[in-house]
Amino acid sequence: MYKKYQVIIIGAGHAGCEAALACSRMGVNTLLITLNMDSIARMSCNPAIGGIAKGQIVREIDALGGEMGLITDKAGLQFKLLNSSRGPAVWSPRAQCDRLLYSILMNKSIQNQRNLEILQSEVKSLIIKNNKVYGIKLLTGETVSTNIVVVTTGTFLKGEIYLGKKHFDGGRFNEKSALYLSKSLTDDCGLILNRFKTTTTPRINSLSINYSKILKQYGDEKPIPFSHFTKINNWRKSLKQLPCWLTYTNNITCEIVKNNLELSSIYLGKVNSKSPRYCPSIEEKIERYPDKISHHIFLEPEGYNTNEVYLNGLYTGLPFEVQQKLINSIKGLENAKVLRYGYAIEYDYSDPLQITNILETKTIRNLFLGGQINGTTGYEEAAAQGLMAGINAGLRALDKESLVLSRDKAYIGVLIDDLTTKGVDEPYRMFTARAEYRLAIRNDNADLRLMDIGYSIGLIKDKMYQKFKIYKDLVNKICNNKIGFDKSINYNDLSPWSIDKIKLESHIHNIYKGYIKIQNKFINKIKKSENKIIPKDFDYNKVCSFSNETKQRLSNLRPKTIGQASRIISIKPSDIAILNIYIEKFNALKNKKRVL
Ligand SMILES: Cc1cc2nc3c(=O)[nH]c(=O)nc-3n(C[C@H](O)[C@H](O)[C@H](O)COP(=O)(O)OP(=O)(O)OC[C@H]3O[C@@H](n4cnc5c(N)ncnc54)[C@H](O)[C@@H]3O)c2cc1C
């Protein structure tokens, strides 16, 4: 019934959309299959893109020719550069988005894309022979042939939704779960699947909020777009930013949560799997920090054409009636009406140690996995993996060499390296501290780092690339003091790049070049300390700059050497740098005592 495709992508979430667009733009005949055409690139949780470290990832996706930055610029309703009072290495763009508009625009990009077809259906199984992919089988019985498959099924594999004591199948609220594909991934492909969980917050009606009691939060006065290709002046003129709002929990909210803990799905013992440590439910926050009563709750509009407001910070698995009570205990929300309740979801993921650094499974040739299925959380982490899985699937179809980004080149390189060398035991999200080369891999220079690669694989259009090349050349010359600003050049021809961007980039380069040298020396020193012995009596709890998570993991596992410590899940390069210094101090003190 169906013709043969060079690549099939399963799933049209943030990972699947990037994968499908990348493959088809590379000239590869691609089919994208998804359970529901109306929920393409749906933001399951917070309607926001970017943030600390995640904003850098979106800029990298954009520089490689991905879609997320472009759509965010069109669907964003509030833009902020986080950490703007600190150094450029940690400047992180973030945008609040119109959730529905984002999905519609991505759907349009997909439908308009040449070489890309889309089908609403459920993939039941993969057709595998001799450890190679031959196609997929739909739940309706038809088969579709291909030699390359990218699986990006997010939270849908045997997804189970929990609302207090109730639970039922679902990949997201009101969306069906993919109940069959897991069996094929385990039985036909030899993959081991485990369970993770995550929660989302209730949404309320803006008309029921008492705005006079809460704090207004504006976007930036001079917002900066995500995409390198967005023309900033026109964009700013047409952008109508909406405010967000801030309120706090109080002792009554905390009491309500404490008194109902046993009713939460998080504590029922039904959802036994791990949730994202850095996106905890209100139940987990109150249990973890019993003395803290004032937790931030950000009120974020869900779109231009809806009254729905997202309660960021109030992730919960409590029953409906308790959610309503705890919302009404919060200042400004005394009469708030809930439109959608929060819930928890548990789903299958595949341990990323089972894939290589090009996101191909080790067991089955030409089977790639990308996104939340690899144990990550977050739209940006998903999109980045989807893009890389799509690029590598496309390169395989074209019989070309695979693409791997190194840790010193991109956050995307850090993400994939961490996943495929350390694995995960709780949902993985990106932080700046995970990137040892963070002074060099900034949001401002994503184009300089990656656009040549994007062009070489066919994802950056020639016209744009020619402008970029002139821009890059000018930045290099100015940074190396070869020329000053040349009056004969018409900088307007460089648009969307500009004279201001050249000035900013050369300025940042000058500030950072010394620090980057020191950073690289330091990293080399740490690499050389791979075999350094960690004393048996070293007390990790005394290292005050370690997070509780780091203290816990190192104390439990007690690695013998620095190298072993660096390979433990969630141990960041910054932890290893600190550990190195503390061990030197520890040994020096011991020797001194011995001499005395
Ligand atoms: C309740 C909830 C709360 C969340 N909270 C947060 C949060 O606080 N912060 C955060 O960063 N992230 C959160 N996330 C995670 C975020 O939604 C994901 O990280 C992101 O959407 C993952 O993208 P993805 O492309 O991997 O998968 P998804 O966006 O889940 O997309 C999966 C796609 O696969 C399709 N699919 C699945 N199985 C099949 C099949 N067999 N056949 C055909 N199509 C199939 C689905 O239809 C869907 O299109 C939350 C998710 C949920 C559900």
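Student: Which residues are in contact with Ser350, leaving aside its neighbours within four places in sequence?
Tutor: Leu191, Ile192, Leu193, Leu369, Ile373, Asn374 and Gly375. Contact means heavy atoms within 4.5 Å. A word on the ground rules. This is a predicted model, where local features need pLDDT of at least 70 and side-chain atom pairs count only at pLDDT 80 or more, while totals for chains, interfaces and linings use all residues. Residues are numbered from 1 along each chain as its sequence is written, and side-chain values use heavy atoms, with hydrogens and water left out.

Student: Why is Ser350 called buried?
Tutor: Its relative accessible area is 1%. Buried means under 20%, exposed over 50%, and partly exposed in between (1.4 Å probe, protein chains only). So Ser350, at 1%, is buried.

Student: Where does Ser350 sit, and what does its side chain touch?
Tutor: Ser350 belongs to strand S20, residues 344-350. Strands (E, at least two residues) and helices (H or I, at least four) are DSSP runs, numbered from the N terminus. The Ser350 side chain makes a polar contact with the side chain of Gln354 at 3.2 Å. A polar contact is a pair of N or O atoms within 3.5 Å; within protein, one must be able to donate a hydrogen and the other to accept it, and residues adjacent in sequence count only if both atoms are side-chain atoms.

Student: How do you know whether Thr152 is buried or exposed?
Tutor: Its relative accessible area is 6%, so Thr152 is buried. Residues up to four places away in sequence aside, Thr152 touches Ile9, Ile10, Gly11, Ala15, Gly16 and Gly370.

Student: Why is Gln6 called partly exposed?
Tutor: Because its relative accessible area comes to 31%. Gln6 is in the segment before strand S1 (7-10). A polar atom of the Gln6 side chain lies 2.8 Å from the backbone nitrogen of Asn29. Beyond four places in sequence, the contacts of Gln6 are Gly27, Val28, Asn29, Thr146, Asn147, Ile148 and Ala397.

Student: What about Lys560: buried or exposed?
Tutor: Exposed, since the relative accessible area of Lys560 is 60%. Lys560 is in the loop between helix H15 (548-557) and helix H16 (562-566). Lys560 touches Lys532, Ile533 and Ile534, not counting residues up to four places away in sequence.

Student: What does the value for Leu299 say: buried or exposed?
Tutor: The relative accessible area of Leu299 is 0%, so Leu299 is buried. Leu299 is part of strand S17 (residues 296-301). Its contacts, leaving aside neighbours within four places, include Ile209, Cys244, Trp245 and Leu333. Pro496 is 197 residues from Leu299 in sequence and 33 Å away, C-alpha to C-alpha.

Student: Why is helix H2 called largely enclosed?
Tutor: Because 10 of the 10 residues of H2 (residues 54-63) are buried. Among them are Lys54, Arg59, Glu60 and Asp62. Just after H2, Gly65 takes a positive phi of about 100 degrees.

Student: And what makes helix H3 largely enclosed?
Tutor: Six of its eight residues, in the run 68-75, are buried, so the rest of the structure largely encloses H3. They are Met68, Gly69, Ile71, Thr72, Asp73 and Ala75.

Student: How many helices and strands does the chain have, and why is the chain called as compact as a globular protein of its length?
Tutor: The chain has 17 helices and 21 strands. Its radius of gyration is 25 Å, close to the 25 Å that the globule rule gives for 596 residues, so the chain is as compact as a globular protein of that length. The radius is taken over C-alpha atoms, and the rule is 2.2 Å times the number of residues to the power 0.38.

Student: What do the totals for burial and contacts show?
Tutor: Of the 596 residues, 59% count as buried. Among contacts between residues at least 6 apart in sequence, 74% join residues at least 24 apart. The C-alpha trace spans about 85 × 70 × 60 Å along its principal axes.
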